[in-house]
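Come and look along with me.

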Amino acid sequence: MGSFVAQTFQAKVYVTLRPSVLDPAGTAVRSGVQQMGYQNVEQIRIGKYIEVTLQAADEAEAVQQLDQICDRILANPVIETYRFDLTPLSETATTTAH
Amino acid sequence: MKFGILVFPGSNCDRDVAWVTQGLLNKPTRMVWHQDTDLSDIDVVVIPGGFSYGDYLRCGAIARFSPIIRATIDHVNAGKFAIGICNGFQILTEAGLLPGALVRNRDLHFICDRVPIRVVNNKTPWTRKYQSNEVITLPIAHGEGCYYADQKTLAQLEDNNQVVFRYEGDNPNGSLNNIAGICNQSGTVVGMMPHPERAADPMLGNTDGIKMFEAVLQQVVRARV
């Protein structure tokens with residue numbers, strides 16, 4: 001048995017459509033906003049906001065895992081890009097079997 | 001010769017496909033649950049339409065990581081036949097077995113209609129029973145059927161004759177190059193938004209789709225002789 005100190009992180013992940021991909025939902029919302037009188041609104045594009053809470057040894061490990069998760073499932077690189085902000089939440093002592 | 005139809009939570013065209021392969025063509029057909037890992041007895045994999053995993057995150061994004069898709073990738077890499085219809089097409093692109101992606105329809109609403117489709121490539125094992133450039137009618141039913149790929153990928157698809165079907169006349173969903181269906185480079189794997197299985201039983205008044213299943217069946221039988 002060994003123990004290590006793991007940290008809990010929260011990532012706020014933003015997934016957005018690539019500029020070359022049409023966003024008909026964003027265009028529809030824009031026309032609604034313009035009908036409300038906000039004629040100065042030029043463009044609205046809709047993306048996704050995802051919160052991920054995870055444990056990792058350090059920030060570098062958390063970033064590496066999140067990049068993988070985003071590339072593999074949270075975003076489809078064919079049509080989307082992503083970015084995330086990472087915040088440490090707390091330090092947790094975890095015991096693991098070796 | 002056996003058809004395998006993948007079934008995910010939320011699939012809803014699986015039985016329609018079985019009605020064609022087992023009911024109309026009288027061929028052994030196995031419904032394959034998404035947790036299964038073995039497709040070794042299957043000659044032709046069909047990924048049916050529906051809303052796998054509720055279309056959460058993106059259509060096909062979660063189904064793509066189910067155990068049966070790992071087996072499907074091995075099946076395809078062995079040169080065997082597979083088709084993804086509607087949600088099945090979305091799963092094939094998410095899995096990287098076909099290029100591009102399917103995004104929200106241009107005009108936002110879910111489309112349920114019968115539309116003219118031009119058979120652009122009748123050289124694939126799936127389409128060889130159609131005439132070149134034949135225009136057929138198939139049902140479509142989707143909210144995310146707008147085909148998208150970057151310019152380089154589109155050019156490659158066109159150069160390699162990987163566009164199999166195009167919408168004829170009005171483009172219902174904004175798909176680039178009017179694409180309704182594509183194939184991999186060898187033609188063994190086809191993905192399409194229209195539903196050939198819904199145009200197979202004469203009782204429904206349109207049998208334009210059954211030739212796809214007949215064609216691949218002939219191909220498997222021929223390969224075995």
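My entries follow, in the order in which I looked things up.

**Entry 1: what kind of model.** I note at the start that this is a predicted model.

**Entry 2: chain A.** I began with chain A and found two helices and three strands there. Reading from the N terminus, I wrote down the order β-α-β-α-β. I then looked up burial: of the 98 residues in chain A, 14% are buried. I also looked at contacts in chain A between residues at least 6 apart in sequence, and 74% of these join residues at least 24 apart.

**Entry 3: the annotated site.** Next I opened the UniProt record, an unreviewed entry, which lists Cys86(B), His195(B) and Glu197(B) under "active site". These residues are spread over 112 residues of sequence, yet they cluster in space, with a largest C-alpha distance of 11.0 Å.

**Entry 4: Cys86(B).** I found Cys86(B) in the loop between strand E4 (81-85) and helix H3 (87-94) of chain B. Is Cys86(B) buried or exposed? Cys86(B) has 29 C-beta neighbours inside 10 Å, so I count this residue as buried. I left aside its neighbours within four places in sequence and listed the contacts of Cys86(B): Cys13(B), Gly49(B), Ala141(B), His142(B), Met193(B) and His195(B).

**Entry 5: His195(B).** His195(B) sits in a loop of chain B as well, between strand E11 (189-192) and helix H5 (210-224). Why does His195(B) count as buried? His195(B) counts as buried because 22 C-beta neighbours lie inside 10 Å, and the cut-off for buried is 20 or more. Not counting residues up to four places away in sequence, His195(B) touches several residues, including Cys13(B), Gly49(B), Cys86(B), Leu138(B) and Pro139(B).

**Entry 6: strand E10(B).** I moved on to strand E10 (residues 179-183) of chain B, which is mostly covered, with five of its five residues buried. Which strands pair with E10(B)? Strand E9 (residues 163-167) of chain B pairs with E10(B) in the antiparallel sense over three bridges. E11(B) also runs antiparallel to E10(B), joined by three bridges. I followed Ile182(B) in particular: this residue of E10(B) is the bridge partner of Val163(B), and Ile182(B) also stands opposite Gly191(B) in E11(B). E10(B) and E11(B) form a hairpin with five residues between them. In the turn I noted Gly187(B), which has a positive phi of about 85°.

**Entry 7: the nonpolar cores.** A reminder to myself: nonpolar side chains tend to be buried together in soluble globular proteins. Here the largest nonpolar core has 71 residues. Among those with the most contacts inside this core are Leu6(B), Val45(B), Leu92(B), Val164(B) and Met192(B). I looked up Met192(B) and, leaving aside neighbours within four places in sequence, found contacts that include Ile85(B), Phe89(B), Val164(B) and Ala180(B).

Notes. Residues numbered from 1 in each chain as written. Chains lettered and ligands numbered in written order. Predicted model: local features only at pLDDT ≥ 70, side-chain atom pairs only at ≥ 80, totals over all residues. UniProt positions renumbered as here; feature names shortened; annotations may be inferred. Helix = DSSP H or I, 4+ residues; strand = E, 2+ residues; numbered from the N terminus. Buried ≥ 20, exposed ≤ 12 C-beta atoms within 10 Å, placed from the backbone. Contact = placed C-beta atoms within 7 Å. Pairing = 2+ DSSP bridges. Core = buried A, V, L, I, M, F, W, Y, C linked by C-beta atoms within 7 Å.
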